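Me: Could you take a close look at one part of this structure for me, a sheet and what packs around it? Talk me through it in one go.

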Amino acid sequence: MPVKPVYNDFFGPFGGRYVAEVLRAPLDELEAAFKSAMADPAFLDELALVQKEYIGRPTPMLHARNASKILGGAQIYVKLEGLANTGAHKINNAVGQILLARRMGKKRIIAETGAGQHGVATAAVCAKFGFPCTVYMGEVDIARQRPNVYLMELYGAQVVSVKSGSRTLKDAVNEALRDWAGSFADTHYLLGSALGPSPFPDMVREFQAVIGREVVEQTRGLDVAAMIACVGGGSNSIGFFEPFIDAKTPRLIGVEAGGRGPGLGENAVRMGGDARPGVVQGYKSYFLLDDDGQVQDTHSVSAGLDYAGIGPQLAYLGQTGRVEFASALDTEVIDAVKFFARNEGVVFALESAHAGAVAIKLAPTLPKDKALVINMSGRGDKDIFISAKIITPEPWIGFLRREVETYDAGKK
Amino acid sequence: MKASLMTHMVAGYPDYETSLETARALAAGGASYLEIQFPFSDPSADGPAIQAACTEALAAGFRVEDGWRLVETIRKECPAVPVFLMSYASIVVTKGVEGFAARARQAGVSGLIIPDLAPGADEGLYEAGKKHGLAVVPVIVPSVPSGRLEAILALKPEWVYTAIRAGITGTHTTLTPELKAFLANLNARTKVLAGFGIDSAQQVRDLRDSAHTVVVGSALVRIVAEAFQKGGKALVGREVEAKVRELVG
């Protein structure tokens with residue numbers, strides 16, 4: 001069997017390394033280090049050990065029997081990636097890159113984060129491996145994701161509030177790039193999604209592919225009709241899909257954020273939506289841009305899917321048709337969270353519930369002897385401040401109010 | 001002899017009229033070249049001052065069409081001062097590289113500075129520049145590996161922009177003898193534009209013999225910001241012109 005390259009640079013017309021000259025040398029250095037590490041059994045052995053004893057791999061595969069029965073079609077299986085340490089798949093990539101950074105002799109780590117899951121994973125591995133860590137996070141995201149800021153600081157990271165542009169994920173990426181342009185000699189930029197200038201899309205896919213490889217083992221004997229994952233930048237989906245990309249089956253379905261519905265600014269649908277090919281933040285892909293090329297604001301109930309670009313490999317696989325794209329509305333996502341909580345005792349992250357929502361629609365159309373695998377890329381504990389005020393608004397707001405009152409009374 | 005100075009400004013900042021007034025003042029103050037930046041939503045190679053200006057210009061409604069109008073107006077009023085257009089890949093690629101270059105030439109632009117379309121990853125920009133008689137200006141850093149520098153110079157660029165400090169625009173740069181030697185060597189082979197972190201007349205004097213032209217960016221953008229807040233368009237014109245006079249010496 002031919003060995004698949006760990007480094008591609010371009011995926012069809014997408015990908016590449018569109019960066020200012022100053023970042024070319026550090027990216028060349030990173031590419032060389034990544035290729036050499038991936039060919040070194042000692043590096044791969046240590047990665048496997050950390051995956052097992054720190055992340056908690058392999059993560060379980062749940063046969064969602066109740067959900068399957070209620071929906072009355074294909075058997076639903078849920079890859080419980082949210083049971084990984086720190087609560088989401090993001091840790092897989094963080095561990096891989098921190099080991100690489102140590103191998104490269106770097107002394108400091110920087111990262112961007114949107115919802116905060118990647119920031120939390122990065123802060124955690126920096127604590128474990130003894131690196132000072134700076135996480136750039138948009139001011140808007142800091143305000144709405146306080147629990148993750150708390151966790152990052154608990155792990156010892158410095159969280160820097162980004163006040164430029166739209167003050168969200170894309171601006172955090174810009175700020176991290178600015179830091180790196182002046183600090184690359186001793187600093188590794190631990191990028192969290194399968195996008196950005198090469199080699200990041202290839203590197204993040206390889207470190208996330210552990211998900212897909214476990215799925216191969218865990219679905220032996222099943223007739224898998226489709227695999228479904230949510231797609232923000234695309235790190236969980238590309239890792240989940242990776243071992244299946246070169247085969248013709250099963251169907252691979254990526255689910256984007258349908259938000260409040262159609263219209264620029266109302267969702268984060270890049271494939272089949274209003275997006276156009278462009279070059280932004282160092283790579284070529286589909287982006288939500290206006291006709292001047294300005295990056296547009298996006299909306300999703302899940303902060304992790306709220307990004308204007310999509311990883312270049314997914315853009316290409318969408319173009320070739322190997323990956324099908326669907327979207328789920330905010331309201332369908334909340335319904336999916338409730339459905340799996342009540343019937344399976346599993347709380348999906350809002351991001352991952354996008355995949356759940358599409359599975360709920362697809363399962364009844366497929367025969368009972370087929371299987372459908374959902375990647376629950378994260379668990380929903382982190383969303384409590386968002387989902388609780390939607391699902392049970394009054395008691396939740398009452399609780400928050402009493403908490404503040406108790407705190408204020410204690411101060412007097 | 002006065003220094004050859006390229007001054008940077010953001011089109012549409014803080015609004016169209018004031019940016020036109022800024023361009024006039026830069027020319028009146030003695031700038032040899034104008035570098036006009038078309039704002040982009042995600043200017044990741046720029047520091048806080050320019051980045052904030054881009055965000056404000058876009059919030060004020062800047063469109064690429066306004067940028068062309070600004071360039072055409074200032075070219076008509078000050079035909080002796082060549083205009084270089086700085087922007088990012090997204091703007092150029094979305095408009096179509098070939099079409100963007102043609103439109104720039106038509107508007108009277110002399111050169112394009114697009115830092116994230118570097119030689120070899122330029123989407124055909126260098127070819128389009130050649131075709132339309134437009135200089136495409138590579139942006140390099142002094143730490144550039146020599147093989148890479150030679151590959152860039154093999155394109156025979158008329159100008160090379162050297163960002164003389166790793167990192168972003170807008171923080172004060174210290175000029176070392178090594179840096180000056182690097183610039184002087186390069187300047188013997190092409191016309192060097194040297195910028196990033198130049199904010200004083202002293203620095204301009206220090207650099208003028210090592211480079212063809214010295215670029216001042218963030219320092220001027222900060223003056224526009226402060227003057228506009230204090231006294232609106234009229235004060236912007238006066239203060240910008242005074243600062244350029246001081247820088248040129």
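Reply: Let's start with a pair of strands: β10 (residues 251-259) of chain A runs parallel to β13(A), and seven bridges link them. Strands here are DSSP runs of E, at least two residues, and helices are runs of H or I, at least four residues, numbered from the N terminus; two strands pair if DSSP finds at least two bridges between them. Within the pair, L252(A) sits opposite V323(A) of β13(A).

A quick note on the source: this is a predicted model, where local features need pLDDT of at least 70 and side-chain atom pairs count only at pLDDT 80 or more, while totals for chains, interfaces and linings use all residues. Residues are numbered from 1 along each chain as its sequence is written, with chains lettered from A and ligands numbered from 1 in the order in which they are written.

Zooming out, both strands belong to an open sheet of six in chain A, ordered β3-β4-β14-β9-β10-β13, with mixed pairing. β3 (61-63) and β13 (323-329) of chain A are the edge strands with a single partner each, so one side of each has no neighbour in the sheet. From one strand to the next, the twist averages 25 degrees.

Definitions and conventions: Axes fitted to C-alpha atoms, helices over the stretch in contact; angles between N-to-C directions.
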